Amino acid sequence: QVQLVESGGGLEQAGGSLRLSCAASVSISNFNVMDWYRQAPGKQRELVATIFSGGSTSTADSVKARFTISRDNAKNTLYLQMNSLKPEDTAVYYCHATVRSPFGRSYDYWGQGTQVTVSS
């Protein structure tokens with residue numbers, strides 16, 4: 001059974017940094033795509049950053065140049081380095097992973113989330 005466990009959230013002041021981690025119970029090299037999403041109170045869940053199995057990445061415009069997604073296959077861990085934090089970054093951050101089978105099916109996995117709160 002695939003499990004994703006996030007850690008590293010907490011309370012930080014504006015301008016500070018946090019690094020989120022997402023530890024997988026299986027080899028992350030199995031995942032075609034891994035992402036970080038976030039959901040602020042009263043808002044829809046939004047995609048923050050994506051890393052593909054080949055190593056290419058993409059980040060949302062709202063966090064570009066401040067957040068960096070990376071992965072360590074040896075540790076089966078996904079990271080999100082968050083710098084220059086802003087109060088509007090306050091949200092629950094979720095780790096997500098997708099496996100695409102050779103037969104065209106996709107399997108999605110989610111972590112339970114970690115709270116990030118940025119004070120002004």
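How many disulfides does the structure hold? The structure holds one disulfide, the term denoting a pair of cysteine sulfur atoms within 2.5 Å.

Before selecting anything, please note that this is a predicted model, in which local features need pLDDT of at least 70, side-chain atom pairs count only at pLDDT 80 or more, and totals for chains, interfaces and linings use all residues. Residues are numbered from 1 along each chain as its sequence is written, and side-chain values use heavy atoms, with hydrogens and water left out.

Select cysteine 22 and cysteine 95 to begin. Their sulfur atoms lie 2.1 Å apart and form the disulfide. The torsion about this S-S bond is about -75°, so the disulfide is left-handed. Cysteine 22 belongs to strand β3 (residues 18–24) and cysteine 95 to strand β9 (residues 91–100), so the pair ties together parts 73 residues apart in sequence. Strands are DSSP runs of E, at least two residues long, numbered from the N terminus. Cysteine 22 and cysteine 95 are both buried, that is, under 20% relative accessible area with a 1.4 Å probe, protein chains only.

Alanine 91 has valine 116 as its bridge partner in β11.

Now display the side chains of β11 (residues 114–119), which alternate.

Finally, select strand β2 (residues 10–13), which runs parallel to β11 and is joined to it by four bridges. There, leucine 11 has threonine 117 of β11 as its bridge partner.

Conventions
Buried means under 20% relative accessible area, exposed over 50%, partly exposed in between (1.4 Å probe, protein chains only). Two strands pair if DSSP finds at least two bridges between them.
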